[in-house]
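Work through the exercises below with the sequence and the model open side by side. Each task is followed by a solution in steps.

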Amino acid sequence: MTWALALSCALGAGLWLMLMGQPLGRPRPRLSARLGRLSAQERIELEERALPQGGPMFRWGLLERLLRPLLEDSGRVASGLLRRLGLEAGDLDRRLELGWPGMSAPQFRGQQLATGSVAALALPAMNVLGAHPLGPWPVWLWAAAFCCGFAAPSWQLASRLQRRRRAVAAELPQALDLFVIAASAGLSPEQSLVEAGRRLDGVLGDALREVVREAGLGTRSDAEGLMRLADREDVSELRSLASAWQLSHQQGLPLAPAMLSLSETVRDRRRAQLLEEGGKAAVRMLFPVTLFIFPVFLVVLLYPAGVELLGLGT
């Protein structure tokens, strides 16, 4: 009886899947959508809309199913409230795309609310448990903890964007050298861009390959793609590269001298930044030397002399 029931269920499930897999009864796509797929720009937009909004927020599936909808809904409410107050950053989606891929704006705001709530509830929980060495934690400190917890994801996002800009600035001299070599070999600016994107790794290499792909699809030209890349990454040297490349492309000027001059400028600026960071590091080293190393050195140096002077060694 049990085997018969199991076989019947399997047969019913197979028939149901076969029937649901047939195109009969499905709504047909509109003619405008079918015509839009013939355009490269429309196909890219359709593919982007078809992608899931944001990646997973939790490693555990149970937390993903239980808490993610709550955090996303609360994040939408927080975004609407911040927008009404005029505190919502208009470029949040762009910054998340660069610094935190897979994180949507509602998820980010929900994460801010979650970290702020955890930081704020930790202090009353410590009051209940009696963990207050300097007295009960006041209410104003709860609010300060919530503000710090709410701002923590923003600080992390800013740090991620700063690391990305540094990576782009570090890879830019190599890209300029590739432009110079390709242009000196007689390649056109478009071919130089293709070769640079092909041979570069890292953040800038991926971005240049994206520019080449969009130009090949006819979405935007190489010059427009480089200018958009410079505006998106917010790196001044990249804007200079886009301007020099566009000028060389429009007026037919040789690309190699402009790229060579820009490469030397970028390296000189990078060298000055490294010297400046080295000077700041020397100043920052004064704190651990003064606080930790110098007192120990004084104790080790003066203790034997103090013992001899006081006659403690006899």
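A pocket, as used here, is an open set of grid points with protein on both sides within 12 Å along at least five of seven lines, and its lining residues have an atom within 4 Å of a point. The model is predicted.

**Exercise 1. The second largest pocket**

Task: State which residues line the second largest pocket, and which element gives the most to the lining.

Solution. 
- Step 1. The volume of the second largest pocket is about 240 Å³.
- Step 2. Its lining consists of Gln162, Arg165, Arg166, Ala169, Val235, Ser236, Glu237, Val266, Arg269, Arg270, Gln273 and Glu277.
- Step 3. H7, H11 and H12 are the elements that each give two or more residues to this lining.
- Step 4. H12 gives the most, with 5 residues.
- Step 5. Sorted by class, the lining of this pocket has 6 charged, 3 polar and 3 nonpolar residues.

**Exercise 2. The overall fold**

Task: Find how many helices and strands the protein chain has, and what share of its residues is buried.

Solution. 
- Step 1. The protein chain contains 13 helices and 0 strands.
- Step 2. Read from the N terminus, its elements run α-α-α-α-α-α-α-α-α-α-α-α-α.
- Step 3. The cut-off for a buried residue is under 20% relative accessible area. Of the 314 residues of the chain, 27% count as buried.
- Step 4. Take the contacts with a separation of 6 or more: residues 24 or more positions apart account for 56% of them.

**Exercise 3. Helix H11**

Solution. 
- Step 1. Check the length. H11 covers residues 236–251, and its 16 residues should span 22 Å at 1.5 Å a residue; the end C-alpha atoms are 23 Å apart, which agrees.
- Step 2. List the buried residues of H11: Glu237, Leu238, Leu241, Ala242, Ala244, Trp245 and Ser248.
- Step 3. Recall the general rule: an α-helix has 3.6 residues a turn, so residues three or four places apart point the same way.
- Step 4. Turn to the other side of H11, where Gln250 and Gln251 are exposed.
- Step 5. Identify the cover. The buried residues of H11 are covered by elements including helix H7 (139–184), helix H8 (189–199), H9, H10 and helix H12 (255–284).
- Step 6. Look at what follows the helix: Gly252 comes after H11 and has a positive phi, near 70°.

**Exercise 4. Helix H9 and the largest cavity**

Task: Name the residues that line the largest cavity and the elements that give two or more residues to its lining.

Solution. 
- Step 1. The structure holds 1 cavity of 30 Å³ or more, and the volume of the largest cavity is about 40 Å³.
- Step 2. The lining residues are Ala207, Glu210, Val211, Glu214, Gly225, Arg228, Leu229 and Arg232.
- Step 3. Helix H9 (202–217) and helix H10 (222–233) are the elements that give two or more residues to this lining.
- Step 4. By class, 4 of the lining residues are charged, 3 nonpolar and 1 polar.
- Step 5. Now examine H9 itself. Its 16 residues reach 23 Å from first C-alpha to last, close to the 22 Å expected at 1.5 Å a residue.
- Step 6. Leu204, Gly205, Ala207, Leu208, Val211 and Glu214 are the buried residues of H9, and H7, H8, H10 and H11 are among the elements that cover them.
- Step 7. Just after H9, Gly218 has a positive phi of about 85°.

Conventions:
Residues numbered from 1 in each chain as written. Predicted model: local features only at pLDDT ≥ 70, side-chain atom pairs only at ≥ 80, totals over all residues. Heavy atoms only, no water. 1 Å grid on protein atoms, 1.4 Å probe; cavity = no way out; pocket = protein on both sides within 12 Å on 5 of 7 lines; lining within 4 Å. Points joined across faces, edges and corners; volume = space filled by probe spheres on them. Helix = DSSP H or I, 4+ residues; strand = E, 2+ residues; numbered from the N terminus. Nonpolar A, V, L, I, M, F, W, Y, C, P; charged D, E, K, R; others polar. Expected span 1.5 Å × (residues − 1). Buried < 20%, exposed > 50% of the residue type's maximum accessible area, 1.4 Å probe, protein only. Contact = heavy atoms within 4.5 Å.
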